[in-house]
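Morning, everyone. Please have a look at the model on the screen, and then I'll take you through a few spots.

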Amino acid sequence: MPVFTRFSGSSQPGDGVPGAEDEPAGGEREEGEREATAASGPGPEASRASLGPGLDRLRTWRSWRTRHPRTARVLHLATTALAAALVLGALLLPNTLPALKAASFARIPAEAVIGAVVVLALPRRPRLVAAVLYGLGLTALTTVNLLDMGFNEYLGRGFNAALDWDLLPDAQAYVEDTLGGGVATAAAVGAVVLVLLVAAVMVAATIRLATVLARHRVRATKGALIAGTVWVTCSALGLTLFGGPIASERGAGALRVHAQRTVESLRDEAAFVQQSKADTFGNTPPGQLLPDLRGKDVIFTFIESYGRSALEDPIMAPGVDRTLDTSTEALKKAGFAARSGWLTSATFGGSSWLGHSTTMSGLWIDNQRRYRTVSAGDHLTLTKAFQKTGAWDTVGVMPGVQKGWPEEKWYGLDKLYDSRDLGYRGPKFSWSTMPDQYALEAFQRRVHGKKRDKPLMSFVILTSSHQPWAPIPKMVGWDELGDGSVFDAIQKAGNKASDVLTDTTRSREEYGRSIQYSVTSLTQWLERYGTDDTVLVFLGDHQPIARVSGNGASRDVPVSIVAKDPKVLDKVAGWNWTEGLKPGRDAPVWRMDSFRDRFLKAFGSTPHPSEG
């Protein structure tokens, strides 16, 4: 072992270092002896006195290696091979789960060749420092690759080091609400321990390899020269193996991409601050906002994770399509008509508030920093436009909000009803605090069904289709809802979140059922309580996680406008949306941030821009 060589200044057969049975060339042996002498300090006695118990352990280890030379040598070779495998594996590790195949590791990483050249050129102490730094670099590379895997699997995009740290508290809160506080704490602690463990292992591996290379300097130099020549040749000729280039620079490329992404994100956020100050309708007088909707009760409703995949995926679409067709017919019998299209969401797989704020603000809010920037300002939201007119009372119904929510002022809500204000006494359904059917009935009892002097503009967020889609509520009689206790038996008989989360097919099936439940709850509520003056706009906030919506899925979500008054739908006739609640595959697709201005203009609002 290298540690024994430093203290003893000699080597013997079976020590796990070159000895009588594996005599190195003169230059290599001299290098080892020089390092041993340099490490021996002022003398044997002083060294022994300072080492104490450590020297005793060293003597025991040396004694064992002397008695078992073959085993010691096998152990030496095995640990060196393991160190090499760890380093090469880290350098070639892909950043997506589909790419995690054996063929991905059949490459020659340039970073390994360069690393070998560097350690061979350095004296002992600088070499040790370089090995440690190299190991920490591999730790950072492995960490961002693993984060990329998770983000690609769930959010359909890679990790952004400049912006995504803000999502970690929300991720922990989600795990706590879904699987319990103990699991959330264990996951957080486990993540930290894992990173520290990877760092310790990688640093140990790079130090081991650096020491072995230096001890076999001549042969290692020849090997590095050969590997470098092969790499340059393969790169110049563009040679490939198993569908990928043999000459790899995967590690450096991954870190370069993350660095560029970070710089571009920071530059982009600075530009967004200025962009958010300009507003097409910022100076529009109250009397010129939404004149063609005066007297109407307007409801904007987001259905959690209601994405295009729900209508097109072969596992989920049949049930969701039946629900949409059935609901369209039921609403038609009740006197309602509908038009539907597609919006491209600013988010994917999560961070629902980014979809809500993008739709309402007319700004592309695709990360938490943008959300904080715009919600702290006075950019006009669609909901606030109703409040600004003075012609509507404005309320929010958000069963997913469980604590103070200062954004209600930015949204222009006179009153917010969160999970604590709706009188629910039944069980939670995983993350969702209450079933959508109950939330809508509570909205009717406490807000929509009451007499008032002004029409009502409502902003409603439904949560029953939030992942992990287990357990899922079931429809009960509207007159049986009470305080929600009727859902106790349904919740207990439902699936466990842990069972669904680990099964992709079941996740897709249960996701589809949750969308059916949410759409049915909303459309039945409209049948039961809608009036001649009710206008309902409902849409999804984003697609479900990539594992459910599929790799490469779009960011499109369905959007529908439902009303009894034909004049309302006449205002949007030029949008060319599909009749009914199910948008056609060829229906128009707009960016979500374009909806605010289109809606305001369709219903008579006059632009009066404010400058940034």
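I'll cover aromatic pairs and then one aspartate.

This is a predicted model, where local features need pLDDT of at least 70, side-chain atom pairs count only at pLDDT 80 or more, and totals for chains, interfaces and linings use all residues. Residues are numbered from 1 along each chain as its sequence is written, and side-chain values use heavy atoms, with hydrogens and water left out.

Rings first. The whole structure holds 19 aromatic pairs. Rings of Phe, Tyr and Trp (its six-membered ring) pair if their centres lie within 6.5 Å; planes under 30 degrees apart are stacked, over 60 edge-to-face, the rest tilted. Take Trp 405 and Tyr 411: centres 5.4 Å apart, planes at 20°, so they are stacked. Trp 405 and Tyr 411 are buried, meaning under 20% relative accessible area with a 1.4 Å probe, protein chains only.

Next, Trp 575 and Phe 595. Their centres are 6.3 Å apart with 65° between the planes, an edge-to-face pair. Trp 575 and Phe 595 are both buried. Ring pairs also tie them into a cluster, including Trp 577, Trp 590 and Phe 599.

Now Asp 593. Is Asp 593 buried or exposed? At 13% relative accessibility, Asp 593 counts as buried. Its side chain makes a polar contact with the side chain of Arg 591, at 2.7 Å. A polar contact is a pair of N or O atoms within 3.5 Å; within protein, one must be able to donate a hydrogen and the other to accept it, and residues adjacent in sequence count only if both atoms are side-chain atoms.

Terms used: Buried means under 20% relative accessible area, exposed over 50%, partly exposed in between (1.4 Å probe, protein chains only).
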